[in-house]
Amino acid sequence: MPLPSTAIGIAEIILSRYLNAADIGPIADPLIGKRIRIELETIPGQPAISIDAMPDRNGIRLLPGEEPLDQADATIAGSPQALLMLLLNRSKTNNDQARVSGDLQLIRNLTDLFSDADFDLEAILAEWTGPRRARHLAEFVTVTGGWLKQSGDKLSRNLFDYLKYESDILVPPQQWQQLAEECQQLERRLGGLQRRLEKLEKLETPNS
Amino acid sequence: MVQDQPLESAPENSSSGTSGQSETTAFGYEQVPVNEKTGRVREVFDSVAPSYDLMNDLMSMGLHRIWKRFATGLCGVRNGDQVLDLAAGTGDLTRLLARQVAPAGRVVMSDINGAMLEQGRDQLLDRGITDGISLLQTNAEFLPLADNSFDCVIIGFGLRNVTDKLAAIKEMHRVLKPGGKLLILEFSKPLAALQKPYDLYSFKILPRLGKLFAGDADSYRYLAESIRMHPDQQTLKAMMEEAGLSRCHYFNLAAGIVAVHRGYKI
Ligand SMILES: C[S@@+](CC[C@H](N)C(=O)[O-])C[C@H]1O[C@@H](n2cnc3c(N)ncnc32)[C@H](O)[C@@H]1O
């Protein structure tokens, strides 16, 4: 199941900011131009969310995983927590492990990129994956908020504004209907206003 | 070739390359001879230049700022990169990108219209941004720039004004370095459910805003018409592929009112 492109774009921008904040150098050659399919299993029994990660010299581009799977050089599948542990080069003792296939060296290069990053994301996110999720999730949000704040300009705020704007647009159909009716009413009023203005213009210029 | 201020003009060439005298092209909803469109577009932007930023905010209810941040975020450029901002107008994208490529990189801020470019240059100066930016006055269809010279080319809300869009995209592809990317931020085709209020806004309210705040309803009517005549998401993606770009993809914003297309020179 591919994610909407706006969400993918926002995820890519946030990832870029993380990689920039972590001050990683140019991406290593073996990764550049490769396509790594990520199958994110968020809800058991539901189709996984497919994302293609494509490193270039400056970072990692993300696209909805719409291309056939055989176009990918490697695949990583698992729950968000399992993927996180894999990226941070941590093996987990329970059976929630990410499954990898294809070019394993490529995946090793990718995980090296994250584990070499000089940024303590692990300390932030490890708590999220712990047993008392609710409380830790709240901590995660607070800490991430702080990190986003630190990490430069107002991009994150704009993104939240943007998400808010998008969610405002995705209103239920009855509200659409109402909006359409109000727009029609507005259109009629504008028409009336235009005619009055034309009348006024004529009054102002009696000779024309 | 490209200078740090003042403005440099590229040699004028207003024919589209595929055109003859008798061929016509869309200027909003009007058909005009191909070789007249560039001049007509220039008149529109000469007229709107002084009020351009105010109108941008009014027209998009401030959203253009977010769309521009989204597009520049997807450029993924870094310190040291060379970027070309085409149809840069008053330089909003240039400003955002200059920060990303500083201190070692450079953004070439380019537009066909001297008045817009001057406005942009003055605004950059007012904000104290002088380093790492060059100015170039040129038509996007005929770039006086070397092959393989930019890590990223971006054109924001400019492509719909260009007469021969495919020729322009081919030029952008030519000046990109291998591995470099092209981003096109442009109005596009919104969800069907949005069409009616969007039409009302574009054709009834927008020209009135233009008249009220910029004293120029016709230019803003042209802007609304030119948006409708612009290729939709899929068509533009196909044009990018035809121009030689790979891995082309588009990101819809505001339910498709605006889209960011991205493609790579491989
Ligand atoms: C709507 S403005 C966009 C300015 C800026 N990129 C922004 O996003 O705010 C469009 C610009 O395209 C420029 N333009 C129109 N036709 C052009 C062409 N053929 N080549 C280069 N620029 C062109 C206009 O002069 C104008 O400044």
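## Interface

Between them, chain A and chain B bury about 3,100 Å², of which 59% is on carbon and sulfur atoms; buried area is the accessible area (1.4 Å probe) that two parts lose on being put together, summed over both. Contact, meaning heavy atoms within 4.5 Å, links 42 residues of chain A with 33 residues of chain B.

## Basis of the values

The model is predicted: local features need pLDDT of at least 70 and side-chain atom pairs pLDDT 80 or more, while totals for chains, interfaces and linings use all residues. Residues are numbered from 1 along each chain as its sequence is written, chains are lettered from A and ligands numbered from 1 in the order written, and side-chain values use heavy atoms, without hydrogens and water.

## Salt bridges

Four salt bridges are counted between chain A and chain B, each being a side-chain nitrogen of Lys or Arg within 4 Å of a carboxyl oxygen of Asp or Glu. B:Arg262 forms a salt bridge with A:Glu12, with 2.8 Å between the closest N and O atoms.

## Nonpolar cores

A nonpolar core is a set of buried (under 20% relative accessible area, 1.4 Å probe, protein chains only) Ala, Val, Leu, Ile, Met, Phe, Trp, Tyr and Cys residues joined through side-chain atoms within 4.5 Å. The largest has 64 residues, and A:Ile60, B:Trp67 and B:Val260 touch the most other members.

Leaving out residues up to four places away in sequence, A:Ile60 touches residues including A:Glu12, A:Leu15, A:Leu110 and A:Phe114.

Methods
Buried means under 20% relative accessible area, exposed over 50%, partly exposed in between (1.4 Å probe, protein chains only).
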